[in-house]
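User: Hi! Could you walk me through this one with me? I'd like to jump around a bit.

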Amino acid sequence: MSAAESLSEAQRPNLLGLDRQALGGFLRQWGESSFRAGQLLQWLHTRQETDFAAMSNIGKKLQARLAAETSVAEPAIIADQIAADGTRKWLLGLDDGNAIETVFIPEEGRGTLCISSQVGCSLACSFCATGAQGLSRNLDTAEIIAQIRVARRCLGLDAITNVVFMGMGEPLLNLRHVLPAIHLLMDDLAYGLGSRRITVSTAGVVPGIDKLGSVSPVNLAISFHASRNEIRDVLVPVNRHYPLAELLAACRRYPLPPRRRITFEYVMLDGVNDELAHARELLRLLRNIPAMVNLIPFNPFPGSAYRRTPLARIDAFREILMQGGIMTVTRRPRGDDIAAACGQLAGQVQSGRRSFPLAVQS
Ligand code: SAH
């Protein structure tokens with residue numbers, strides 16, 4: 001047995017974590033043309049073929065070496081639940097015993113996959129189930145990409161039209177792995193989603209917003225949730241590092257393509273952030289920003305301390321924003337009977353840390 005054949009599965013590079021550039025570099029080290037990277041991407045991602053022997057335009061020698069020295073490894077499906085409204089949630093088991101959640105939201109003419117970027121989250125937003133767990137670790141690129149693969153395998157290769165980084169974790173604190181995942185999602189030889197079909201949602205990590213804008217300006221969503229620093233400091237504690245004025249300045253300089261808007265998410269918490277005066281303040285803050293607002297009725301989870309704003313007040317809040325010229329929609333809770341709605345994702349997180357290491361990885 002050669003040294004290469006004796007590599008254990010865990011020691012082999014997982015090809016699913018390599019975007020076109022990284023895969024090209026990897027193959028060049030083997031003396032192969034980087035042209036092969038495109039072919040390999042198509043097999044691995046567009047077609048989701050995992051058997052190298054079936055990759056007919058790849059030479060037998062390279063097939064054998066790939067089989068011996070690399071892996072194509074994905075998390076196992078631990079649970080697969082379908083809600084009454086068709087929302088589907090998978091619990092995926094990672095090698096280290098952690099588990100993450102991924103949610104598919106079917107709508108007329110589109111299928112949105114909500115993916116996780118971290119195991120748990122360090123940002124400790126007070127109304128979020130994931131925030132209550134703390135952070136265990138970042139997902140790597142293969143673990144992020146595996147989520148779309150599992151969904152496509154279960155639902156069909158064309159089922160996913162949009163991907164949102166709105167599952168567990170803060171994507172802008174894991175850009176090192178999120179950016180290559182975005183490249184793969186957008187690559188015509190991998191998943192081929194256009195930049196307008198991908199949305200990164202952030203609690204407001206300002207340096208990460210700038211970095212994303214300079215590298216891959218996809219749609220941006222901001223978990224805004226309050227019109228005043230004293231309220232936002234409590235709901236979204238990262239606001240103490242990047243207060244409203246800094247966050248809004250980052251939104252203004254985000255290189256949004258023409259005719260696109262930044263989505264501002266606003267969770268409606270009874271008696272906390274839902275006064276009509278808050279709506280008027282929000283209107284003023286969003287002036288001069290191409291913005292739309294998503295009002296999210298609070299979704300309760302075990303141990304949560306908040307209540308959902310009554311629907312009539314959500315409507316009145318929305319009316320003020322609409323009158324002020326801001327497109328505003330109230331998000332229907334999807335999949336809440338299987339705890340798949342916004343803020344209910346918990347997975348199985350080991351030893352979460354709540355302190356925030358805020359360094360943005362590049
Ligand atoms: N960390 C990123 C990605 C998570 S997105 C971010 O904060 O944007 C998850 C969305 O669901 C965020 O807008 C979050 O604020 C919202 N959310 C969290 N908990 C919620 C809850 N209990 N009810 C409704 N929305 C919630």
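This is a predicted model: local features need pLDDT of at least 70, side-chain atom pairs count only at pLDDT 80 or more; totals for chains, interfaces and linings use all residues.

User: Where does L283 lie, and how far apart are L283 and I326 in space, C-alpha to C-alpha?

Analyst: L283 lies in helix α9, which covers residues 276-286.

User: What about E281, buried or exposed?

Analyst: E281 is in helix α9 too. It counts as buried because its relative accessibility is 16%, and the cut-off for buried is under 20%. Leaving aside residues within four places in sequence, E281 is in contact with S227 and R228.

User: Good. Now the ligand: which residues come nearest?

Analyst: There are 21 residues around the ligand, and F127, S201, S223, H225 and N299 come nearest.

User: What polar atoms are there around the ligand's nitrogen atoms?

Analyst: A polar backbone atom of F127 sits 2.8 Å from a nitrogen atom of the ligand. For N299 it is again a polar backbone atom, 2.8 Å from a ligand nitrogen atom. With E170, a polar side-chain atom lies 3.1 Å from a nitrogen atom of the ligand.

User: And how much of the ligand's accessible area does the protein cover?

Analyst: The protein covers 95% of it, where the ligand on its own has 540 Å² of accessible area.

User: Which elements give two or more residues to that shell?

Analyst: Those are β8 (198-202), β10 (262-268) and β11 (291-297).

User: How do the shell residues divide into nonpolar, polar and charged?

Analyst: Eleven of the residues around the ligand are nonpolar, eight are polar and two are charged.

User: Changing topic: how many aromatic pairs does the structure hold?

Analyst: It holds five aromatic pairs. One of them joins F298 and F301, edge-to-face, with 6.5 Å centre to centre and 65 degrees between the planes.

User: What other ring does F298 form an aromatic pair with?

Analyst: F298 also pairs with Y306. That pair is edge-to-face as well, at 6.1 Å centre to centre and 75 degrees between the planes.

User: Next up, Q63. Where does Q63 lie?

Analyst: Q63 lies in helix α3, residues 60-69. At 7% relative accessibility, Q63 counts as buried.

User: What does Q63 touch, not counting residues up to four places away in sequence?

Analyst: Q63 touches F52, A53, M55 and I58.

User: Which residues of α3 are buried?

Analyst: L62, Q63, L66, A68 and E69 are buried in α3.

User: And what do the buried residues of α3 pack against?

Analyst: They pack against two helices, α1 (20-29) and α2 (35-46).

User: Last topic, backbone angles. What is phi of R259 near, and where is R259 found?

Analyst: Phi of R259 is near 65 degrees, a positive value in a residue other than glycine. R259 is found in the loop between α8 (244-253) and β10. It counts as exposed because its relative accessibility is 80%, and the cut-off for exposed is over 50%.

User: And what about N288: what is its phi near, and is N288 buried or exposed?

Analyst: For N288, phi is near 75 degrees, also a positive value in a residue other than glycine. N288 is found in the loop between α9 and β11. With a relative accessible area of 67%, N288 is exposed.

User: Thanks, that covers what I wanted to ask.

Key:
Residues are numbered from 1 along each chain as its sequence is written. Side-chain values use heavy atoms; hydrogens and water are left out. A residue is near a molecule or strand if one of its heavy atoms lies within 4 Å of it. A polar contact is a pair of N or O atoms within 3.5 Å; within protein, one must be able to donate a hydrogen and the other to accept it, and residues adjacent in sequence count only if both atoms are side-chain atoms. Accessible areas come from the Shrake-Rupley method with a 1.4 Å probe; for residues, only the protein chains shown count as cover. Helices (H or I, at least four residues) and strands (E, at least two) are DSSP runs, numbered from the N terminus. Ala, Val, Leu, Ile, Met, Phe, Trp, Tyr, Cys and Pro count as nonpolar, Asp, Glu, Lys and Arg as charged, and the others, Gly among them, as polar. Buried means under 20% relative accessible area, exposed over 50%, partly exposed in between (1.4 Å probe, protein chains only). Contact means heavy atoms within 4.5 Å. Rings of Phe, Tyr and Trp (its six-membered ring) pair if their centres lie within 6.5 Å; planes under 30 degrees apart count as stacked, over 60 as edge-to-face and the rest as tilted.
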